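Hi,

Here is the structure I promised to pass on. Have a look at it first, and then read my notes below.

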Protein chains: 2
Amino acid sequence: MWRYRKLLPVPDGPVRYPLPIGGTPLLPVPALRRTLGTPHLWIKDETRNPTASNKDRATALVIEDGLRRGMDTITTASTGNAAVATAFGAAGAGMRAVIFVSTGCRPDKLALMTQAGAHVFRVPAGYAAAVDLSRAAARSFGWLDRNTGANPYTIEAKKTVAFEVWEQLGRRLPDVMIVPVGDGPTLVALDKGFAELVSCGHAGRQPRLIGVQAESCQPLVRAWFGAPAGPAELDPTATVADGIAVVRPAIGDAVLDAVRRGGGAMVAVTDNALLSAVTTLAARAGVGAEPAGAAALAGLARAVECGLVDRSETTVLLVTGREVKAGGGPAGPGRVAVVEGLDEVERALAGAC
Amino acid sequence: MWRYRKLLPVPDGPVRYPLPIGGTPLLPVPALRRTLGTPHLWIKDETRNPTASNKDRATALVIEDGLRRGMDTITTASTGNAAVATAFGAAGAGMRAVIFVSTGCRPDKLALMTQAGAHVFRVPAGYAAAVDLSRAAARSFGWLDRNTGANPYTIEAKKTVAFEVWEQLGRRLPDVMIVPVGDGPTLVALDKGFAELVSCGHAGRQPRLIGVQAESCQPLVRAWFGAPAGPAELDPTATVADGIAVVRPAIGDAVLDAVRRGGGAMVAVTDNALLSAVTTLAARAGVGAEPAGAAALAGLARAVECGLVDRSETTVLLVTGREVKAGGGPAGPGRVAVVEGLDEVERALAGAC
């Protein structure tokens, strides 16, 4: 990722973050192309990052910035993958990670975070409250704030995916790129990266961006159609795609702007389509993904059905992540506690240190 | 990996295998170095391969060879990771995979194989019988045989790790490399790669190789000390390190020769040490590993205790793999069946096609 540092907010001097990030493959997927009849289909495989998701890019740039400013603690709230990326990235960099999750966060994801030594606070009032608490803690205690939508470096980091796709396609852009959408920074960052390539004169026009959400949690698809979302369309617990199940996306308006600007669209897909996409990616491309990570493939089928994408177009699917396992090791020096306010956070950390 | 193709049995012409393999990072691990007092410690992180283990290298070279010879089916027996690598690699290349496992193979590993569309045969008589059946099927049906110890291309592929370490250290070799040992090809391949660097005049002498096994399944450690192994030292079900729990290693003699040649050693480690190594890798290096994959770190502690390694030496730990999840998707077009003989295999495949 540091290959593009002149276009990133990273001053001169050696990069201190120790884990290699980005430079993930753009796969030609011959067997999948034959199966789908899409001769110019590509997969940008972000599962090849250190914790197997694109969250590693944002984590790396935020921590690099923190290391240069002498900061010793990073915090974020997360539905899962961003927290795992933060815990492992902080561990590699010798920084403390303090993670806030909803009490609904899955035990296997918690195990990964604590194995990497993170302090994990579970917040009964849910994900939005966890975000508020993480941000308040960052302000009060002077911690590095990695929260999506709060730290613009997350978008700066993720825009490097656009640069890589352009280089890997032989310095040209695809017609369409299809992307899972939760809080929104992945799609917004692609738009920014492609826009910078156009402004630098490296490309004539941006690709269309198609954002994909799960049917049972599709606030931005509803907003795209200007239709109100019913309760069955805003239930983050009702989909297998937990990584993109966000009721109030942090930068939803920016997502809709980016999609509109490039002439793209938003589509919703069923859980059956998501699960089937996981299997098709494995069996026809040899790529492992979690359901949210495979959403772009489900979205492609939907987009073709709706006439939004032609099978002959150069189309890139962003596969954002796969699940890894905690591997059986016990929890690291971190701690897990349930908290409702900042004072409890402070007491728990004082006790742990 | 194909960067070294002049030293591999790959004729001219474009590489057909579609998944990028190898080129995994050699990590400087600053926080882990401080914790252990080992200023020149490195981790060669093989979890960055497509299915998160070093088995992907062997799979890629065997399939590349098969594609060039027009073969449409690959078979292997495996305790887990080699089977997963074969299933995904074959899927990516559009080839059929037929996998033989013992009936003790873990359900989550089976799910990964079937998700990738492999045909999986469970063999009640155990791993050794599964190997025999897979090899017999390869001979009878003209399939590509990827079995460890049967196909020399597995060692040719894995020797590229030695070339990468040499290049990544600035064209010099480490003093010591520590490696998990199950059937043996990973260690034997490193020895071959380092020996080729020495014969080409790129290095003066090979690094010492230290092989690591789990205490409860340590046939080669016992053989190294010339001592008979008791039943408690040959129980593959008694360790968390299932990936290296092999009672009769396929190329055990070659392992002992390679270790002896470089002035290395064999060490055994407890399950507690393996689990603790998993946590330390996560919390101090930001690297996820399964217990067998983390064995080199547990082996380092043991080797330092025994005076086999000095903390000031340039030491590379090979982290061989981490566990990934099937991600919730249903089984692919593959099938699972229990079989005891070749005729059942033939009938099951005829029914499935």
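What covers the buried residues of α4(B)? The cover includes α11 (271-285) of chain A, together with α3 (81-93), β4 (96-102), β5 (119-123) and β11 (336-338) of chain B. Cover here goes by contact, meaning heavy atoms within 4.5 Å. Helix α4 of chain B runs over residues 107-115, and its buried residues are B:K109, B:L110, B:L112, B:M113, B:T114 and B:Q115. I call a residue buried under 20% relative accessible area, exposed over 50%, and partly exposed in between, using a 1.4 Å probe and protein chains only. Just after that helix, B:G117 takes a positive phi of about 85°.

Some housekeeping before the rest. This is a predicted model, so please keep in mind that local features need pLDDT of at least 70 and side-chain atom pairs count only at pLDDT 80 or more, while totals for chains, interfaces and linings use all residues. Residues are numbered from 1 along each chain as its sequence is written, chains are lettered from A and ligands numbered from 1 in the order in which they are written, and side-chain values use heavy atoms, with hydrogens and water left out.

Chain A overall

Chain A has 13 helices and eleven strands. Helices (H or I, at least four residues) and strands (E, at least two) are DSSP runs, numbered from the N terminus. The C-alpha trace spans about 60 × 50 × 40 Å along its principal axes.

Of the 353 residues in chain A, 63% are buried. Among the contacts with a separation of 6 or more in chain A, 72% join residues 24 or more positions apart. Chain A exposes about 12300 Å², with carbon and sulfur atoms supplying 51% of it (areas by the Shrake-Rupley method with a 1.4 Å probe; for residues, only the protein chains shown count as cover).

As for charge, chain A carries 37 positive and 33 negative charges, and their mean positions are 5 Å apart. Lys and Arg count as positive and Asp and Glu as negative, with His and the chain ends not counted; the place of a charge is NZ of Lys, CZ of Arg, CG of Asp or CD of Glu.

Where the chains meet

At the interface, 48 residues of chain A are in contact with 48 residues of chain B. About 3500 Å² is buried between the two chains, 57% of it from carbon and sulfur atoms. On the chain A side, A:R48, A:R322 and A:K325 lose the most area to chain B, together 20% of what that side buries. Buried area is the accessible area (1.4 Å probe) that two parts lose on being put together, summed over both.

Spots to click on in chain A

A:D65 counts as buried because its relative accessibility is 14%. Leaving aside neighbours within four places in sequence, A:D65 is in contact with A:L144 and A:Y153. A:P152 sits in the loop between β6 (144-145) and α6 (153-158), and at 54% relative accessibility A:P152 counts as exposed.

Two residues other than glycine have a positive phi. A:A52, with phi of about 70°, lies in the loop between β2 (41-45) and α2 and is buried at 4% relative accessibility. A:R171, with phi near 60°, is in the loop between α7 (160-168) and β7 (176-180) and is exposed, with a relative accessible area of 54%.

And in chain B

B:L173 is in the loop between α7 (160-168) and β7 (176-180) of chain B. B:L173 is buried, at 13% relative accessible area, and leaving aside neighbours within four places in sequence, its contacts are B:W166, B:F194, B:L197, B:A203, B:R205, B:Q206 and B:P207.

B:G262 lies in the loop between α10 (252-261) and β9 (265-269) and is buried too, with a relative accessible area of 11%. Not counting residues up to four places away in sequence, B:G262 touches B:R205, B:P207 and B:R208.

Cheers
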